[in-house]
Amino acid sequence: MRALARIASAAAALALLLTGCTSGDAPHDSGTIRLRFQSLAWQTESVEANKELVAEWNAAHPDVQVDYVQGSWDSVHDQLLTSFEGGEAPDIIHDASDDLADFAYGGYLADLRTLLPDRLRSDIPAESWRTTTFDEGIYGVPFLQEPKVLIANTRLLKKAGVRIPTPERPWSWTEFREVSRKLTGKGTYGVAWPLKEPVSITLNMGLSDGGQLFHRGADGTVDLRFEQGDRVVPDTVHAQVNTDRSAARSALGMGGSDTLPGLFGGKYAMVPLGFAYRQQVVEQAPEGFEWSVLPMPAGRDGTAQGVSPQTLSVAEDSPHKKEAVAFLDFLLSPRNMVRLAEGDWMLPTGTKALADPALHTAENGWATGTALAENLRPAPAQSVRGYPEWKDKVATPALQEYYSGAIGLGDLKKRLVTDGNRVLARYQR
């Protein structure tokens, strides 16, 4: 019996030792805490900025070391779900706010309300915090955001003699259609809509005309309603492709990068793209190509548009939440937030970072983007459970068919709303 007890005691000690060496911790005798930071940065400048900041933190904090882990936007949701369920999630998680709802409601992310420093809480506007707030808890820090803009061939706009819009005096959606028709002809389309993934831009730009689509009741349940404001983007794109012939049908199945050769070659005069695509234009445009960054069209609510900021969260299972948030506070100081924004060619959410003169230059359209920042709103589907399934199984094929002319507005509405509410109902039982 004593021999069995000794064996059991040794096994218990070994288990404790092994436990102490997992979950990102260094061996106990080192006294060093190790945190894993999974970043989704992918552009060269962005990856470099993130790695430099990690190195600066590690040099100044020998007792709390951060290990940089490279993730991918292409597979982040499934990869995180697997790591959460397997108990192997990184301590610090880079993601987007529209991907957080299921993780937050599922208990995988830490509620940061009692952990966030006052400086960080007050520097980021309430509109941005709404994107990471679920049932009153805050499950991520929104730090980078990307408005949609029009990247335009300046020479073609000048040749057509159209009015050049500004953030202070943008085109209306009606004027945008008229301008697109004027820019069309002799092998050139006025606009190319890269709508391989049509849902996000349709919903986010719909806010400019009061569109919401998702409506939350007093009991917290959400239902879909396709109202007048929700029609501005679908009606515009459908008309440009099928009636005006001012938008290239072939672009509907493209991603944003796919349209750039056509933009450079004069096939398209304008392309609606995320703000960060400016970097690809700078790197890929042929010598002498003149381009402009223009605001997207405005509706009854001006240039309002929805965004899903990039976020930084802390895993609920992390044994070092306090240290993880301290690293976030360092990473998102105003100076460092500017570095991250410049590396990703995006806008910071922090008010002090956004005021930095480097982000207000006319060069490469920075000033146009920062002028749009005050009108950015949480994306309509931000906190809706079941949104990913609705988007993939219902909205994406329905919008693609409507934009191509395969179905009419009545069928689009039925599929988005009737079929969509059936999907959402399963998540609200």
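## Aromatic pairs

In this predicted model, 20 aromatic pairs are counted, where rings of Phe, Tyr and Trp (its six-membered ring) pair if their centres lie within 6.5 Å, and where planes under 30 degrees apart count as stacked, over 60 as edge-to-face and the rest as tilted. One of these pairs is formed by tryptophan 345 and tryptophan 366, which are stacked with 6.1 Å from centre to centre and 25° between the planes. Tryptophan 345 lies in the loop between α14 (334-344) and β15 (347-348), while tryptophan 366 belongs to helix α16 (residues 366-372), so the pair ties together parts that are 21 residues apart in sequence. Helices (H or I, at least four residues) and strands (E, at least two) are DSSP runs, numbered from the N terminus. Both tryptophan 345 and tryptophan 366 are buried, a word that stands for under 20% relative accessible area, with exposed meaning over 50% and partly exposed the range in between (1.4 Å probe, protein chains only).

An aromatic cluster is formed by Phe37, Trp57, Tyr68, Phe327 and Phe330. Arginine side chains are also placed over rings: arginine 121 lies over the face of tryptophan 129, at 6.0 Å from the ring centre, and arginine 278 lies over the face of phenylalanine 275, at 3.6 Å from the ring centre. For such a placement, NZ of Lys or CZ of Arg has to be within 6 Å of the ring centre and within 35 degrees of the ring normal.

## Basis of the model

This is a predicted model, in which local features need pLDDT of at least 70 and side-chain atom pairs count only at pLDDT 80 or more, whereas totals for chains, interfaces and linings use all residues. Residues are numbered from 1 along each chain as its sequence is written, and side-chain values use heavy atoms, with hydrogens and water left out.

## The chain as a whole

The protein chain has 18 helices and 16 strands, and buried residues make up 52% of its 429 residues. Taken along the principal axes, the C-alpha atoms of the protein chain fill a box of roughly 90 × 50 × 35 Å. A compact globule with 429 residues would have a radius of gyration near 22 Å, and the 24 Å of the protein chain agrees with this; the radius is taken over C-alpha atoms, and the globule rule is 2.2 Å times the number of residues to the power 0.38.

## Cavities

Four cavities of 30 Å³ or more are counted. On a 1 Å grid over the protein atoms alone, a cavity is a set of points where a 1.4 Å probe fits but cannot get out, a pocket is an open set with protein on both sides within 12 Å along at least five of seven lines, and lining residues have an atom within 4 Å of a point. Grid points are joined across faces, edges and corners, and a volume is the space filled by probe spheres set on the points.

The largest cavity holds about 110 Å³ of space, and among the 14 residues that line it, Thr202, Leu203, Leu213, Phe226 and Asp230 are the closest to its centre. Two or more lining residues come from each of α9 (199-206) and α17 (387-404), and α9 gives the largest share, four residues. The lining of the largest cavity divides into nine nonpolar, four polar and one charged residues, where Ala, Val, Leu, Ile, Met, Phe, Trp, Tyr, Cys and Pro count as nonpolar, Asp, Glu, Lys and Arg as charged, and the others, Gly among them, as polar. The second largest cavity has a volume of about 70 Å³, and its lining includes Asp98, Leu203, Asn204 and Tyr387; here too α9 gives the largest share, three residues.

## The second largest pocket

About 430 Å³ of space lies in the second largest pocket, which is lined by 21 residues, with Arg130, Arg216, Pro380, Gln382 and Ser383 the closest to its centre. The elements that give two or more residues to this lining are β4 (133-134), β9 (214-216) and β16 (376-378), and by class the lining has 10 nonpolar, five polar and six charged residues.

## Individual loop residues

Valine 384 has its place in the loop between β16 and α17 and counts as buried at 6% relative accessibility. Its C-alpha atom is separated by 7.3 Å from that of valine 222, although the two residues are 162 apart along the chain.

Aspartate 135, in the loop between β4 and β5 (137-138), has a positive phi of about 50° although it is not a glycine, and it is exposed, with a relative accessible area of 63%.
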